[in-house]
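Please consult the sequence and the structure shown below while reading.

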Amino acid sequence: MSDARFPDGFVWGAATAAYQVEGAVSEGGRGRSIWDTFSHTPGRTAGGDTGDLAADHYHRWRDDVAMMADLGLQSYRFSVAWPRVQPDGTGPANQEGLDFYRALVDELRSYGIEPWVTLYHWDLPQALQDAGGWPARDTVSRFADYATLVHDALGDRVGYWTTLNEPWCSAFLGYASGVHAPGRTDARDAVRATHHLLLGHGLATQAIRAVAPAAQLGITLNLYAVTPATDAPADLDAARRIDGLQNRLFLDPLLEGRYPQDVLDDLGPLVDDDLVRDGDLATIAAPLDLLGINYYTRHTVRAGDEPAPQSPFPGSETVVMVQGEKPVTDMGWDVDPAGLIEVLDRVHRQAGPLPLYITENGAAFPDEVTADGAVHDLERTAYLRSHLRACRSAIAAGVPLRGYFVWSLMDNFEWGHGYRKRFGIVHVDYATQRRTPKDSALYYATVLREGRLPSG
Ligand code: FCB
């Protein structure tokens with residue numbers, strides 16, 4: 001195997017999420033989600049943008065799948081919108097919602113593209129939020145019921161499932177910093193949400209496993225390399241804290257059935273006494289077939305004195321995020337491919353032979369369609385090249401990395417940033433919904449056609 005070649009069978013894909021691309025929020029019997037409410041609340045998203053239309057994928061999915069086939073994608077990771085399947089989060093399935101995803105899956109399969117379903121990418125039915133949301137234990141069973149409904153409908157044609165996308169974001173951006181839906185700022189609730197999300201994952205995993213022993217089941221975490229700005233003890237402690245809240249609070253219970261004690265100590269009274277009940281941790285640690293990792297950047301941190309406003313790190317609000325010296329993306333995130341190798345290496349050390357997939361990796365840059373009709377996104381192409389090299393190095397070092405999904409297939413509604421941040425390898429002109437593959441898409445197509453990184 002030459003240096004640049006990826007192993008045979010390595011999965012190449014692209015990812016999206018329902019609320020970010022679908023639009024059609026009032027069609028097909030879809031109910032409201034917390035993101036409809038949040039984005040329609042003045043001041044919550046940049047420019048007041050909402051996902052009402054997004055990339056209109058709900059109507060353009062056939063063309064979008066054909067475009068994926070043109071690019072040579074082997075796999076497509078998308079999420080199912082819970083409120084399309086259960087408009088109020090409970091009860092029988094809305095057949096029209098399920099039919100949409102069945103048709104999408106069949107279309108993908110007709111091109112030989114493997115569908116990869118994420119059950120929850122942040123769009124909790126609003127009715128369930130009104131009943132308490134993720135801080136309420138009842139939501140755990142609601143999620144397992146929903147997962148079962150979706151699996152009943154798609155299980156005969158979908159082999160790869162991830163329960164949750166980035167539970168850290170759902171819990172800490174949704175309930176602590178409040179920059180994501182439902183926009184709450186209650187640290188105790190964020191901690192409750194964390195546990196219930198993980199428990200919902202475990203329960204859903206067990207439920208699907210019971211009826212589909214061959215299904216490949218996993219979860220997707222957003223993991224970061226975390227480094228202290230200096231080796232001063234206070235900065236080392238800041239790094240321990242952020243690594244704890246961001247990475248270990250999720251990895252340890254999922255992989256080892258225990259919460260990290262130092263993180264529980266940091267959280268102190270924010271952890272309610274009755275939160276973790278007998279048997280919960282065993283459920284959370286239900287065996288996985290794969291772990292999805294979303295990697296974007298590194299956190300470099302130091303100790304500070306003042307609590308940061310809107311900190312998503314309860315109990316560690318004084319920790320300061322330090323801008324590195326590296327180039328940054330349009331999100332202000334350091335471009336740090338070495339961090340990806342560190343993350344893969346540490347997860348592999350903890351997870352042993354568990355197959356790992358990069359379920360998201362990519363970068364926002366302010367792209368423009370130029371006079372030649374193309375989008376020359378050199379920076380994104382360089383970002384992808386350097387991170388794919390990192391993947392290749394990790395594999396060479398023995399990490400069981402089995403696939404890579406670029407975030408994102410196309411420009412879309414980037415949550416609180418609205419349409420101002422473009423992550424796609426395909427450009428979307430929101431006025432016309434015209435799709436234009438960017439140069440990075442052409443680069444990516446070459447990589448996956450050849451199964452290797454082109455030289456240069
Ligand atoms: C991740 C999300 C995804 C997208 C990227 C940029 O945290 O899973 O939906 O917003 O970031």
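At 55% relative accessibility, Gln310 counts as exposed, where exposed means over 50% relative accessible area, buried under 20% and partly exposed in between, with a 1.4 Å probe and protein chains only. Gln310 has a positive phi of about 55 degrees although it is not a glycine, and it is found in the loop between strand E8 (298-302) and strand E9 (320-322). Helices (H or I, at least four residues) and strands (E, at least two) are DSSP runs, numbered from the N terminus.

The model is predicted: local features need pLDDT of at least 70, side-chain atom pairs count only at pLDDT 80 or more, and totals for chains, interfaces and linings use all residues. Residues are numbered from 1 along each chain as its sequence is written, and side-chain values use heavy atoms, with hydrogens and water left out.

**Backbone features**

Most residues other than glycine have a negative phi, and most peptide bonds are trans. Glu166, not a glycine, has a positive phi of about 50 degrees. Glu166 lies in the loop between strand E4 (160-165) and H8 and is buried, at 6% relative accessibility. The peptide bond from Ala181 to Pro182 is cis, with omega near 5 degrees; Pro182 belongs to the loop between helix H8 (167-175) and helix H9 (187-211). A cis peptide bond also joins Trp407 and Ser408, with omega about 10 degrees, and Ser408 is placed in the loop between strand E11 (401-407) and strand E12 (426-429).

**The ligand**

The residues around the ligand include Glu166, Trp407, Gln20, Glu360 and Trp415, each with a heavy atom within 4 Å of the ligand.

| Side chain | Distance to a ligand oxygen atom |
|---|---|
| Gln20 | 2.7 Å |
| Glu360 | 3.0 Å |
| Trp415 | 2.9 Å |

The protein covers 95% of the 290 Å² of accessible area that the ligand has on its own, as computed by the Shrake-Rupley method with a 1.4 Å probe.

**Ser39**

Ser39 lies in helix H2 (residues 34-39) and is buried, with a relative accessible area of 2%. Its side chain makes a polar contact (a pair of N or O atoms within 3.5 Å, one able to donate a hydrogen and the other to accept it) with the side chain of Tyr19, at 2.9 Å. The C-alpha atoms of Ser39 and Gly418 are separated by 8.8 Å, although these residues are 379 residues apart along the chain.
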